[in-house]
Amino acid sequence: MRLFRSRLIAVLAFTPLLAGCFASGGGDTGEGADGKSGARLRVALAFPPAERLSPYGADATLLSRLGVTEGLTALDANGAAAPALAQSWRQKDDKTWEFTLRDARFQDGTEVTAAAVAGALTHAVEAEPEPAALAGVDLTAKADSSSRTVTVRTAEPDPVLPLRLSSPSLAVFSEKAYGKGGRVDPVGTATGPFELTEVDGASSARLDRFDDYWGGRAQASGIDARFVADGSARANALRTGEADIAEAVPVAQAATLDQATRRDTATTRSTSLLLNSASGPFEDPGLRAAARAAVDTSALAEGVYEGHADPGAGVYGPAVTWADGKRVEPVGRAGAEDPKGTSLSLATYDNRPELPEVAQVLKQQLEKAGFKVKLTVREYSRLESDALEGKFDAVVLARNTLLDTGDPVAVLASDYTCEGDYNIAQLCNKDVDRAVAEAERTADPGKRQDAAMAAEAAVLGTDAVVPLVHQRVITGVGTSVRGVVLDPYERTLVGMGTRR
């Protein structure tokens, strides 16, 4: 049964929060401060900088979504590696790749050279903690005698290196960006179409168009970004004309927006129920099977997400367009046992507003099946370490399966193998490890997808993960705005053609 929501009251209650916060001197006149055409865009973002805009953590996607940063490659609509700062590349042997750079400049006016790119990648390799895209990868980058080519070598064969280098956490900055102690300053040192010029802590950021961008001039003269954690306030900013774009509008606020201002995009983000398979009640595969059988994913998709999600099909959802046609039935599942009042702890976090309601509905479904459930809801930073240490029996988690590298095998290796560094399910299964290792060794893209789906079937066969829903992100877009990038990988929001 859905929790009650008072949408109108919630919207009105937050009206004062954004009043006037997008005002900017002359930016709304259709002309930038420098007299060049293109109105400034006012963007309400869901997550403020958490790590001083370091490109090596969660803030990396914030920079890429605003068009500040880019790497050697990008992801195309089909999830394949596409040219970015590298206009082409070739594989010299199974451990060595050569990337040819395009003519481009950093926002501080210096040239993008092979030495600068090699230096940027070396800084990423040496970062602590290491970027997720480099987990388990020993990488070196070297500038060739030509200023236009960079050789990247890995200690072990890495058939998806061009995909890996598309990660927002491997963005390239000019030499002046890198300071002491691993600090990276992205203000005026990146290569994207918009230059970060001013940051006001966790409140706001100002970006101006970078007119020397290699791809040409962006159509907007700049961006005034505000970090607005409350989803009601973001939706209200769009409704009242305070914002042109509001990202991640909560499901509870979707109905308050006119249909013409709502964009519903399937994403590679899936919400799953992760069951601790190493200790506690779910060490028993029969009880894991009972939990899986108790879950009604359609009730979550239609009830909690109000149709803005698809019922869980697997680790990968509809936004991974090739997955459904290659999906393999799970094998080796245990039969469901009677829970007989077994007690369990269920946890989730409230940074994503739908998750506590998902967990509440799951609690009811599991209790109906015969479990006794204690629910814990925290802020994510206060939950993560306990979840990774296996202190809960079950965790509800939203995870973008292709964000870090674009490689479908990477999430399986990190989340479901014995040595995985994000293994909340505490899964250690020799058949799963064998299937994932086989997928990691497969170089041909089509065959790698096949191997990934075979590994997915092995993971699902353990019932350590129960796919719940595949999320669609709701973006609020003003009626005068054109060219917003509705990216299923959640890496991009504002692009060259975004304007009003």
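In what order do the strands of the open sheet of four strands run? The order is β4-β5-β7-β6, and the pairing is antiparallel. This is a predicted model, in which local features need pLDDT of at least 70 and side-chain atom pairs count only at pLDDT 80 or more, while totals for chains, interfaces and linings use all residues. Residues are numbered from 1 along each chain as its sequence is written, and side-chain values use heavy atoms, with hydrogens and water left out.

Strands here are DSSP runs of E with at least two residues, helices are runs of H or I with at least four, and both are numbered from the N terminus. Two strands pair if DSSP finds at least two bridges between them. Strands of a sheet pair through backbone hydrogen bonds, either parallel or antiparallel. In the four-stranded sheet, β4 and β6 (139-143) stand at the edges; each has a single partner strand, so one side of each is left without a neighbour in the sheet. On average, neighbouring strands of this sheet are turned by 20° against each other, direction ignored. Such angles are taken between lines fitted to C-alpha atoms, for helices over the stretch in contact, and run from 0 to 180 degrees between N-to-C directions.

The pairing of β4 with β5 is antiparallel and covers six bridges. Within it, Asp93 stands opposite Thr96 in β5. Helix α3 (residues 114-126) lies across β5, β6 and β7 (149-154) and runs at about 160° to β6; contact means heavy atoms within 4.5 Å.

Rings of Phe, Tyr and Trp (its six-membered ring) pair if their centres lie within 6.5 Å; planes under 30 degrees apart count as stacked, over 60 as edge-to-face and the rest as tilted. The rings of Trp89 and Phe99 have centres 6.1 Å apart and planes at 35°, so this pair is tilted. Trp89 is in strand β4 (residues 86-93) and Phe99 in strand β5 (residues 96-101), 10 residues apart. Are these two residues buried or exposed? Trp89 is partly exposed, with a relative accessible area of 26%, and Phe99 is buried at 0%. Buried means under 20% relative accessible area, exposed over 50%, and partly exposed in between (1.4 Å probe, protein chains only).

Another tilted pair is formed by Tyr213 and Trp214, with ring centres 5.0 Å apart and planes at 45°. Tyr213 is buried at 11% relative accessibility, and Trp214 is partly exposed at 30%. Arg102 lies over the face of Trp214, at 3.9 Å from the ring centre. A charge sits over a ring if NZ of Lys or CZ of Arg is within 6 Å of the ring centre and within 35 degrees of the ring normal.

Strands β8 (residues 194-200) and β9 (residues 204-209) pair in the antiparallel sense over six bridges. They form a hairpin with three residues between them, and Gly201 in the turn has a positive phi of about 50°. Asp200 has Ser204 in β9 as its bridge partner.

The structure holds one disulfide, defined as a pair of cysteine sulfur atoms within 2.5 Å. Cys418 and Cys428 form it, with their sulfur atoms 2.0 Å apart. The torsion about the S-S bond is about 100°, so the disulfide is right-handed. Both Cys418 and Cys428 lie in the loop between α12 (408-416) and α13 (430-441), 10 residues apart. Cys418 is partly exposed at 30% relative accessibility, whereas Cys428 is exposed at 55%.
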